[in-house]
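Welcome, and thank you for stopping by. Please take a moment with the sequence and the model before reading on.

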Amino acid sequence: MVETLPFRSCMFLLAFFLISLITVRLYAYKYAYAYTFATFKYKSPDSAAKNNFSQWEVKYAYKSPDCFKKLAMTINGESPGPTIYAQQGDTIVVNLTNSLPTENVALHWHGIRQIGTPWSDGTEGVTQCPIMPGDTFTYKFVVDRAGTYLYHAHYGLQISAGLYGFIIVSVPDGVPEPFVYDHDRSIILNDWYHASTYEQATGLSSIDYRWVGEPQSLLINGRGRFNCSELAQSRAIKAHHDFVDKPPPRSDRVIVLLNTQNLIDGYHRWSLNNRSLVLPHTPYLIALKENFIDAFDQNPPPDSYDIHNYDIFSVPDNVNATSSNAIYRISFNTTVDIILQNANTMIPNHSETHPWHMHGHDFWVLGYGMNKFDKEKDPATYNLDDPIMKNTVPLYPYGWTALRFRVDNPGVWIFHCHIEPHLFMGMGIVFEAGVEMVGTLPTSIMGCVRS
Ligand code: C2O
Ligand code: CU
């Protein structure tokens with residue numbers, strides 16, 4: 001069963017589709033269309049697994065996807081970049097040369113869990129040093145599940161500059177697909193701004209704050225102009241009945257994250273439990289494996305906020321919000337619930353939608369609610385029977401969203417709002433689990449580490 005919530009304005013759309021990926025499968029007669037943010041699970045031997053090699057060069061090129069000519073960040077001259085077509089079990093190898101004259105880069109494989117290869121997650125500051133101008137870096141990882149994924153920059157505001165593309169992973173030979181359909185179209189929607197990412201970044205990080213504003217266009221697969229008032233966002237919380245993977249009945253730890261907008265030292269920031277994420281110079285994965293304990297704040301951030309006294313309907317007066325690079329340490333092989341709690345922004349009577357995305361894991365969406373999450377009553381409403389599994393979930397204005405996941409992938413992972421400027425302004429947390437089980441790190445990720 002799929003419930004949809006009509007968008008009332010482009011602002012709602014923005015929240016979800018700063019960059020999003022939709023596979024639209026057209027079903028003859030039965031349904032007009034179905035959206036899937038699918039990562040189907042197929043279990044089968046990877047007999048014919050192959051290497052899938054690409055040589056990519058990131059560089060600027062003039063593009064005019066919506067008739068306005070500006071510099072776009074391209075891969076081999078294209079934005080969106082080349083599509084990777086692969087089969088489940090294949091090893092993807094991307095040799096990436098950074099030919100931007102003055103900017104670093106890092107590329108993330110959104111939806112790929114990177115089991116056993118956390119250093120290939122492509123998250124600058126978390127799993128690797130940035131790839132500097134003139135350098136070449138090799139990403140190598142296995143695509144272990146069929147599905148439609150995307151890759152995109154994970155550095156600064158480079159997604160909005162055009163650095164993204166598809167990864168389409170098909171089922172192994174001889175394995176039938178679970179759904180019948182006549183056509184398969186993949187769509188990436190991306191906000192397109194005429195201002196450069198430098199102008200945007202400067203506006204966001206100045207005391208004289210300037211929000212990036214509404215995009216000039218919404219691009220569909222890199223092409224312009226789209227009427228966003230006609231889209232609907234899936235609010236599905238139930239899995240397809242043939243593909244139910246039940247969550248554990250209870251969790252070992254509950255982390256409640258209050259989402260607020262704050263002024264910190266005069267700068268506009270987003271915070272979680274009054275901590276606004278700033279990434280350290282030495283990426284966490286390296287710091288933890290190499291025991292650089294002064295690379296980041298070793299005191300863990302709080303698992304909750306002052307639930308009793310905090311008024312989620314007023315402009316925050318969080319005098320104690322701070323910037324922080326502290327991380328959550330989570331015991332390996334446990335089950336964790338995260339409750340995202342929305343609140344008022346710095347504008348009276350205003351709260352925004354945030355699409356939260358997790359690296360390294362999928363999670364079950366246990367439920368949504370309005371107002372303040374009540375830990376006595378609300379868990380009784382959770383869908384523990386047939387919840388949907390995803391890696392991105394919306395948090396609605398003045399509401400809460402509850403999710404559960406198994407912490408079973410050793411590494412250091414970021415969980416963040418997928419609106420790129422929000423992440424840029426600190427809207428994320430980082431957690432570590434089982435880092436001692438991570439294999440020897442490739443030295444190629446360590447370019448920024450002083451020895
Ligand atoms: Cu597609 Cu960290 O995100
Ligand atoms: Cu956000």
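## Before you start

This is a predicted model, in which local features need pLDDT of at least 70 and side-chain atom pairs count only at pLDDT 80 or more, while totals for chains, interfaces and linings use all residues. Residues are numbered from 1 along each chain as its sequence is written, chains are lettered from A and ligands numbered from 1 in the order in which they are written, and side-chain values use heavy atoms, with hydrogens and water left out.

## The chain as a whole

The protein chain has four helices and 27 strands. Both kinds of element are DSSP runs numbered from the N terminus: helices are H or I runs of at least four residues, and strands are E runs of at least two.

Of the 451 residues in the protein chain, 58% are buried. Here, buried means under 20% relative accessible area, exposed means over 50%, and partly exposed lies in between, using a 1.4 Å probe and protein chains only. The chain exposes about 19,500 Å², and carbon and sulfur atoms supply 53% of that area; accessible areas come from the Shrake-Rupley method with a 1.4 Å probe, and for residues only the protein chains shown count as cover. Among contacts between residues at least 6 apart in sequence, 79% join residues at least 24 apart, where a contact means heavy atoms within 4.5 Å.

Strands of a sheet pair through backbone hydrogen bonds, either parallel or antiparallel. One open sheet in this model has four strands in the order β6-β11-β10-β8, with mixed pairing. Its edge strands are β6 (84–87) and β8 (107–110), each pairing on one side only. Neighbouring strands of this sheet are turned by 25 degrees against each other on average, direction ignored. Two strands count as paired if DSSP finds at least two bridges between them, and the axes are lines fitted to C-alpha atoms (for helices over the stretch in contact), with angles running from 0 to 180 degrees between N-to-C directions.

β10 pairs with β11 (residues 164–170) in the antiparallel sense over six bridges; among them, Thr148 has Ile168 as its partner, and Gly147 has Val169. β10 also pairs with β8, again antiparallel, over four bridges. One of the bridges here joins Trp109 to Tyr151 of β10.

## The disulfide

A disulfide is a covalent bond between the sulfur atoms of two cysteines. The structure holds one, identified as a pair of cysteine sulfur atoms within 2.5 Å. Cys129 and Cys448 form it, with their sulfur atoms 1.9 Å apart. The torsion about their S-S bond is about -75 degrees, so this disulfide is left-handed.

This pair also links distant parts of the chain: Cys129 is in the loop between β8 and β9 (136–142), and Cys448 is in the segment after β27 (428–433), 319 residues apart. Cys129 and Cys448 are both buried. Cys67, by contrast, counts as exposed, at 78% relative accessibility.

## Backbone details in two loops

The loop between β5 (70–75) and β6 contains Pro80, and the peptide bond from Ser79 to Pro80 is cis, with omega near -5 degrees. Asn76 lies in the loop between β5 and β6 as well. Its phi is near 50 degrees, a positive value in a residue other than glycine, and Asn76 is partly exposed at 33% relative accessible area.

Asp265 is found in the loop between β15 (253–264) and β16 (267–272). Phi of Asp265 is also positive, near 50 degrees, in a residue other than glycine. Is Asp265 buried or exposed? At 68% relative accessibility, Asp265 counts as exposed.
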